[in-house]
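Subject: The structure I promised you

Hi,

Here is the structure we talked about. Have a look at it first, then read on for what turned up in it.

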Amino acid sequence: MPGGGGMEIAQDISDLSPRPSHPREAVPPALSREDMLSAKLRLARVVPYQGAAPPFISNLSLAVLSGLLLVFAFPDWNFSTLAWIGTAPLILANTRETRMWRSFLLGLVTGTVFYVGSSYWVTYSMHHYGGMALGTSYLVGVLIAAILGSFTGLFSMTLSRSVARFGGWAILAAPFLWAASEWARLQITGMGWNSLGYSQAFDPVVIQTARFGGVYLTSGIVVAVSAGLVFAIVHMGKSRALIVFTVIGALAASNLLYGQRVRSESDEAGSVTLGVVQPNFPISGDWEKPEFASQMLNLEFKQSAELISGNPGLTDKADQGGAAQRNAGQDPGVNTRPPDSEGQPSGPGAMAASRAKEHGVNVIAWPESPMPLEYDRDPGFQQQLAAFARRNGVYVLLNTWESPDNSGLRNSAIAISPAGDKLCEYDKIALLPYGEYVPGKGWLPFMDRVSAVVGDVTPGKAPALCGLAGADVGTIICFEATRPDLARLIRLMGASVIVQLSDEAWFGQSAAAKQMLAHAVFRAVENNVDVVRSTNSGMSARISRLGIVQGTTPLFEAASRIWQIKSADEARRDSVTFYTRHGDIFAVASAAAGIIILVLGFIPGASRSLTRGSSK
């Protein structure tokens with residue numbers, strides 16, 4: 001229309017007309033790059049690829065990244081430094097996610113990825129020894145990982161809710177919520193495996209604060225670094241970011257300084273000589289055949305006698321274990337350690353034999369193994385073991401299957417005196433889920449069709465101490481190294497040493513043995529007491545009260561070691577730690593705080609929203 005065209009021309013002309021100018025100071029300054037980035041973080045638009053994908057997808061990617069970082073922090077990868085930043089992606093994702101069910105899912109993903117990746121070896125025993133199809137064993141492994149990962153989901157859900165209600169400062173609750181989730185996982189499922197603090201087990205300087213709060217305090221300190229990093233990112237450009245990051249840095253530095261001071265203390269050897277025999281018996285041997293079991297038992301007696309006599313002939317060699325594995329159709333592996341200049345084996349085994357000649361062995365420890373020993377119901381074995389003890393003048397600590405009150409089969413540790421008498425017995429309390437019992441059996445219908453790999457075992461009732469050659473020995477069996485409460489009770493009873501009888505051969509050539517060793521390291525540091533691992537297939541070791549690992553034996557080789565342990569009188573000079581006296585007070589307080597935070601998060605008006613809290 002003509003009118004319309006005239007209007008368009010007029011508009012064009014007006015656009016060409018000069019615009020009024022303003023003084024430079026009247027123009028408001030543009031936002032700095034830091035201000036814009038900080039604002040975008042608060043609005044959950046920080047991740048560059050978020051513009052091309054829904055926010056939940058990017059948060060899910062962060063959750064997967066956290067799970068992978070934590071996997072690499074544990075054996076066999078051993079990049080323990082990654083643990084200090086491993087939870088940061090998950091924490092960041094939870095500050096961006098306001099829906100509780102999504103936050104729970106993020107934590108569930110992180111936990112499941114972590115447990116599948118770090119505990120992959122559980123499928124080995126289910127498939128090879130439990131008669132389970134390979135595909136089914138993987139499905140069960142993922143299901144177990146998801147059950148354990150649900151506690152990481154609870155951590156995420158609580159953290160996300162608290163940030164949404166209390167603002168950005170609630171990010172700093174992450175260390176306490178994480179410790180609470182690990183403690184709750186052990187209390188509810190009986191599985192304390194691979195708490196985050198265990199990733200630091202082989203750095204004695206880092207873990208000494210476990211003397212105050214156990215492995216949960218170590219986990220909390222590690223997560224605190226990730227939380228401080230996320231807080232600094234979210235509040236970038238603000239003074240609070242620098243303050244919090246400085247405080248977290250000071251906390252980490254204080255942890256290291258304390259650890260260095262404790263680590264510098266002397267590690268005094270005791271006067272009692274303990275010999276450890278690692279027979280390397282195969283799990284799949286013909287144990288139902290009496291002649292095979294008798295052959296293996298004779299090999300263990302022979303290895304023990306040679307260790308006592310100071311003859312290094314079998315020490316640190318794979319002869320009997322290799323023969324046993326060849327009979328079982330397995331690859332025994334070969335020890336290629338070169339001999340010394342006189343043609344004798346060198347290395348830790350030879351040193352053990354030398355110490356045996358010098359000091360004389362007082363106690364011999366046999367590990368948990370697949371050998372079906374039943375001391376109370378086998379008079380022939382009783383006589384054989386008594387004759388060995390009398391002939392060599394030693395105490396023998398060993399694993400056996402017992403039924404002391406006819407209430408069921410017990411996984412037990414017994415001690416035989418140099419006179420050949422049975423001195424004491426300890427029945428395993430903390431049984432291995434799916435190995436020695438099936439969780440949910442009796443109240444979950446489908447679980448009745450699942451069989452425990454070893455068999456249905458009856459748990460014991462209480463820890464026990466046994467006086468051996470002047471040492472008060474507390475015993476834990478295999479999986480019990482993951483139970484801080486048991487080691488603590490044993491130390492409170494007056495143990496001068498804790499001996500773990502264990503068999504990780506069930507899990508093949510995997511990270512299981514080293515991860516179990518990591519748990520034992522914390523039991524030593526938490527309670528300021530030496531721990532000795534006696535294993536069937538490795539890694540046997542002595543762990544000092546300072547967390548220093550000594551004389552670790554190789555995997556799937558027969559080996560022997562000699563260590564000096566403290567008598568009851570010598571151990572009294574070692575102080576009792578705060579953790580031993582008070583237990584999991586840090587974890588319990590963290591759990592209580594977590595419950596309070598979660599409840600307050602649902603009370604209207606109890607706090608500011610995330611946006612309001614972060615913008616001030």
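Let's start inside: Cys424 and Cys466 are both buried. These two cysteines form a disulfide, with their sulfur atoms 1.9 Å apart. In case the term is new to you, a disulfide is a covalent bond between the sulfur atoms of two cysteines. The structure holds 1 disulfide, and the link of Cys424 and Cys466 is left-handed, with -100 degrees about the S-S bond. The pair ties together distant parts of the chain, since Cys424 sits in strand β5 (residues 422–427) and Cys466 in strand β6 (residues 465–468), 42 residues apart.

Before going further, please keep in mind that this is a predicted model. Its average pLDDT is 83, and 79% of the residues score at least 70.

Now back to the strands. β6 pairs with β7 in the antiparallel sense, over 4 bridges. Find Gly467 on your screen and you'll see that it stands opposite Asp472 in β7. The two strands β6 and β7 form a hairpin with 2 residues between them, and Ala469 in that turn has a positive phi of about 55 degrees.

What does β7 pair with in the parallel sense? That partner is strand β8 (residues 497–502), and the pairing runs over 5 bridges. Here Thr475 stands opposite Val499 in β8. To get from β7 to β8, the chain passes through helix α16 (residues 484–492), and this β-α-β crossover is right-handed.

Why is β7 described as largely enclosed by the rest of the structure? Because 6 of the 7 residues of this strand (residues 471–477) are buried. Cys478 is buried as well, because its relative accessible area of 8% is under the 20% cut-off.

Two lysines are also worth a click. Lys428 is found in the loop between β5 and β6. Is Lys428 buried or exposed? With a relative accessible area of 1%, Lys428 is buried. Apart from its neighbours within four places in sequence, Lys428 is in contact with Asn411, Glu436, Thr458, Pro459, Gly460, Ile477, Cys478, Phe479 and Glu480. So you'll meet Cys478 again here, as one of the contacts of Lys428.

Which side chain does the side chain of Lys566 make a polar contact with? That would be Asp574, at 2.7 Å. Beyond its neighbours within four places in sequence, Lys566 has contacts that include Glu268, Gly270, Ala471, Ser496, Asp530 and Arg545.

How values were computed: Residues are numbered from 1 along each chain as its sequence is written. This is a predicted model: local features need pLDDT of at least 70, side-chain atom pairs count only at pLDDT 80 or more; totals for chains, interfaces and linings use all residues. Side-chain values use heavy atoms; hydrogens and water are left out. pLDDT is the predictor's confidence in each residue, from 0 to 100. A disulfide is a pair of cysteine sulfur atoms within 2.5 Å. Buried means under 20% relative accessible area, exposed over 50%, partly exposed in between (1.4 Å probe, protein chains only). A polar contact is a pair of N or O atoms within 3.5 Å; within protein, one must be able to donate a hydrogen and the other to accept it, and residues adjacent in sequence count only if both atoms are side-chain atoms. Contact means heavy atoms within 4.5 Å. Two strands pair if DSSP finds at least two bridges between them. A crossover is right-handed if, with the strands pointing away from the viewer, the path from the first strand over the helix to the second runs clockwise.
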